[in-house]
Structures are given as C-alpha cells and as structure tokens.
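Subject: Structure handover

Hello,

Here is the structure for you to open. My notes on helix packing and pockets follow below.

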Amino acid sequence: MQNAKKIVVLGGTGLIGKKAVALLRAKGLEAVAASPSAGIDAVTGKGLAEALAGADVVLHLTNLLSFDAQAMFDFFTQSTRNALAAGREAGVQHHVALSVVGTDGLTASPYFVAKEAQEHLLRDAGVPYTIVRATQFFDFVPAIADAGANGAAVHLPPIWFQPVAADDVAQAVVDAALAAPVNGIVDFAGPDRLRLPDLVRQLFAATGDPRVVVADGQATYFGTPVHEHSLVPLGQTGTGRTSVATWLAAQRPA
C-alpha cells in the first residue's frame, strides 16, 4: 500500500525479516520488528495487539523448521490466527505472507502441510491479503546437499530448481506490502533454472567439496517424494536479480 505508514514484520529478526525491516526503514516507514525477543509472540499472542495498534500492513515472515509435525502445524496456524484477529481489531488493511513455491503439491511433507494450512487461513479470513511464494533460497542449498549425503556421494533428485537470493525475496515481500493486495498468490524465483544435481556440482566445484553428486530418480527432498517441477513456478512469476553465477562467485574461498 503506497500510503502505508506502519508495517509490522512478524519474524522481524529472522533471515528475511531483518532484511525487510531494513528496507522499509530506508524508505522512511515505521517498521516494527516483531519477535519473541522483542516481547511480541504471534504464537501465544503476547504483545501482538500493542504491536499492531495503528498498523496498516502485517508481514507474516515467521518460520519454524522442526522434526515435530504437530509443532510446525500449530506454529503456523496459531500465529496466523492471532495475527488476523489482532489485525481486525487494529484495522490492518493488508496481510502479506511469505510461503513456498510448490506448497500445495508437497503435502507428504509436514512442513508444507503446515504452510498450506497457513495459506488457507489467510485466503478464508475475508481480509485483503497477498501470498508471496518464493523458491528455495541459495542459503539452503548446502543443507539440501547434506540431506542427500551417503558417504562420499550425495544423491539428489534430478528435479528443476530455481534458487533465489534472500535479499531479492526481502525486496519482493516489501514490494508486495507497499502495493495493493492481490487477494491471491504471487510466485517469485531466481533468474536461473537448472537441475538440482547440476547446481550442487557447481557449488562443490566452487568450494572444493570432493563429494560426488549422483542424480538419483529415487532420491527424495528431505524425505518427500518430488517430481521434476515440484519446486519451480509453472506460470508467470516475479524474478530476482541474483544469478547462480553471482552466488557461486561469493562461495569461492578468498
């Protein structure tokens, strides 16, 4: 919303949240970095009403990765319900949430089940909203490789992959927050699409990692079966500026 004056960033001290808060403040806007460390807990509701007082926009950037499926589900649904309720009381005009490309096609994963439930809450709340679905961050590629490790080999599914920089995602959610609600989903991805095993091979070459990368059609994505288009946008999408080549250059030892 172009006339927004106060934006509350739930998860404002996280990877994307910190960057979004900095971008908003650079524009002269009041950006509240809401997190438990600041006394604002969206899951319990503590401090939420006070933080949202006078807010025009709420950015839902909280995240939880856990081996406990119920904990993840409760985290995303409770935090979203609380934010929506507090937002109604405060007169919030736009809820913007960060989600993941492919969420509705990966329901064998407890994480994506929880994210899909969060999306449904936003869609069904009857409030103006925008869901920004991003592809996987460059930051997570080493962990994705390690998840497929088996001794000296890394087995990865030969799926299409379109990684995106965290800085670009932060800009995308800020742009969404300052635009009119779309009342729908906007996909956002990096500029380069390549097979996941090829990306990890390039990363290993840049960092000197001696492991062998195996394109394995039976391999999963963190235990979840995937097909070749599971993690990439299928239609029109916003595109970040950071290329694979730029990211790889930054990974090489000085």
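Helix 3 and helix 4 are roughly parallel to each other (angles under 35 degrees count as roughly parallel, over 145 as roughly antiparallel, 65 to 115 as roughly perpendicular and the rest as oblique). This is a predicted model, where local features need pLDDT of at least 70, side-chain atom pairs count only at pLDDT 80 or more, and totals for chains, interfaces and linings use all residues. Residues are numbered from 1 along each chain as its sequence is written, and side-chain values use heavy atoms, with hydrogens and water left out.

**Helices 3 and 4**

Helix 3 spans residues 69-90 and helix 4 spans residues 110-124. Helices (H or I, at least four residues) and strands (E, at least two) are DSSP runs, numbered from the N terminus. The two axes come within 8 Å and cross at roughly 15 degrees. Axes are lines fitted to C-alpha atoms, for helices over the stretch in contact, and angles run from 0 to 180 degrees between N-to-C directions. Contact (heavy atoms within 4.5 Å) involves residues including F73, F76 and L84 of helix 3 and Y111, V113 and L121 of helix 4. By class, this contact of helix 3 with helix 4 has 12 nonpolar, 3 polar and 2 charged residues. Ala, Val, Leu, Ile, Met, Phe, Trp, Tyr, Cys and Pro count as nonpolar, Asp, Glu, Lys and Arg as charged, and the others, Gly among them, as polar.

**Helices 1 and 6**

The axes of helix 1 and helix 6 (residues 166-178) come within 9 Å and cross at roughly 55 degrees. That makes helix 1 oblique to helix 6. Their crossing is right-handed. L15, I16, K19, A20, L23 and L24 of helix 1 meet residues of helix 6, among them V169, V173 and L178. The contact of helix 1 with helix 6 divides into 11 nonpolar, 1 polar and 2 charged residues.

**Pockets**

The largest pocket holds about 1100 Å³ of space. On a 1 Å grid over the protein atoms alone, a pocket is an open set of points where a 1.4 Å probe fits, with protein on both sides within 12 Å along at least five of seven lines; lining residues have an atom within 4 Å of a point. Grid points are joined across faces, edges and corners, and a volume is the space filled by probe spheres set on the points. The largest pocket is lined by 42 residues, and N63, L65, S66, Y111 and F140 lie nearest its centre. Its lining has 26 nonpolar, 13 polar and 3 charged residues. Helix 1, helix 3, strand 4 (94-100), helix 4 and helix 5 (141-147) each supply at least two lining residues.

The second largest pocket has a volume of about 150 Å³. Of its 14 lining residues, G102, H229, S230, V232 and L234 are the closest to its centre.

Best wishes

How values were computed: Left-handed = near helix turned anticlockwise from the far one by under 90°.
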